[in-house]
Amino acid sequence: MTESEHNQFTAIYNKYKKPLYNYLLKVMKNTWAVEDTVHNVFIKYFNSADTIADKTKTEYWLFKTARNEAFDYFRKNKIKPEEITEFIRMPESGTPETDVENEEMLAIINHTLDTMEPGMREVFILKEYSGLSYKEIAAVMEIPENLVKSRLFNVREKLRIVLKENFGDAL
């Protein structure tokens, strides 16, 4: 590996490690497994970097590989992806009143996401926590971009309705 290739790999690792980690943590909910999976993804990338013809698709390749690795983890551990609950962290405000309200809101969001089909949850996680574009999500999940938009709209609408029911005009 030349110094240029090493620098390129390091730049990609530094750019995508955190978004991949956040995505996998939301999907897998096991920090040890997530850390192993992120490292496996980058090992696979390191070994396959020469075969990726279009370097602009590196992000797609990384997230697609991470998704596949997560599903491999579920299969090996006999966990059904639809049984996985999402874990969303909300920033703490520092005041007891808003901390309690944030915890209540977090519980409601988690419960609402738990009732949704896995594809809906995954679109939401990829958009809101990994920051992928509609096009990137479509490539990772191998679904049409319009379906990504539709699913994301439906998840946001459902969350808005549920939060409004529970918190009224306070939002």
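Buried here means under 20% relative accessible area, exposed means over 50%, and partly exposed is in between (1.4 Å probe, protein chains only). With that in hand, E136 counts as buried, since its relative accessible area is 14%. This is a predicted model, so to speak of local features takes pLDDT of at least 70, side-chain atom pairs count only at pLDDT 80 or more, and totals for chains, interfaces and linings use all residues. Residues are numbered from 1 along each chain as its sequence is written, and side-chain values use heavy atoms, with hydrogens and water left out.

**The overall picture**

- The protein chain has seven helices and zero strands, where helices (H or I, at least four residues) and strands (E, at least two) are DSSP runs numbered from the N terminus.
- Read along the sequence, that gives the pattern α-α-α-α-α-α-α.
- Of the chain's 171 residues, 40% count as buried.
- Among contacts (heavy atoms within 4.5 Å) with a separation of 6 or more, 61% are between residues 24 or more positions apart.

**The nonpolar core**

- A nonpolar core is a set of buried Ala, Val, Leu, Ile, Met, Phe, Trp, Tyr and Cys residues joined through side-chain atoms within 4.5 Å.
- The largest one here has 46 residues, and L20, Y23, L24, M28, F42, L62 and L126 have the most contacts inside it.
- Two or more residues each come from α1, α2 (31-48), α3 (58-76), α4 (96-114), α5, α6 (134-141) and α7 (145-167).
- The top contributor is α1, with nine residues.
- Setting aside neighbours within four places in sequence, L126 is in contact with Y23, F63, G131, L132, I137, V140 and M141.

- Two packed helices are described by the angle between their axes and the distance between the axes.
- Axes are lines fitted to C-alpha atoms, for helices over the stretch in contact, and angles run from 0 to 180 degrees between N-to-C directions.
- Helix α1 (residues 3-28) packs with helix α5 (residues 118-128) at about 155°, with the axes 9 Å apart.
- That makes α1 and α5 roughly antiparallel to each other; the cut-offs are under 35 degrees for roughly parallel, over 145 for roughly antiparallel, 65 to 115 for roughly perpendicular, and oblique for the rest.
- On the α1 side the contact is made by Y23, K26 and V27, and on the α5 side by E122, I125 and L126.
- By class, the α1 contact with α5 has four nonpolar, no polar and two charged residues, counting Ala, Val, Leu, Ile, Met, Phe, Trp, Tyr, Cys and Pro as nonpolar, Asp, Glu, Lys and Arg as charged, and the others, Gly among them, as polar.
- With α2, α1 packs at an angle of about 140°, and their axes are 9 Å apart.
- The α1 contact with α2 includes F9, L20, L24 and M28 of α1 and T37, V41 and F42 of α2.
- In that contact, 16 residues are nonpolar, three are polar and two are charged.

**T37 in α2**

- T37 lies in helix α2 and is buried, with a relative accessible area of 5%.
- Beyond four places in sequence, T37 is in contact with L24, M28, A66, E69 and A70.

**α6, E136 and the step into α7**

- The buried residues of α6 are E136, I137, A138, V140 and M141, and these pack against α3, α5 and α7.
- Not counting residues up to four places away in sequence, E136 touches E59, Y60 and G131.
- The C-alpha atoms of E136 and K57 are separated by 9.1 Å, though the two are 79 residues apart along the chain.
- E142 sits in the loop between α6 and α7, and has a positive phi of about 55° although it is not a glycine.
- The axes of α6 and α7 come within 8 Å and cross at roughly 105°, so α6 and α7 are roughly perpendicular to each other.
- Residues in that contact include Y134, I137 and M141 of α6 and V148, L152 and R156 of α7.
- The α6 contact with α7 divides into six nonpolar, no polar and five charged residues.
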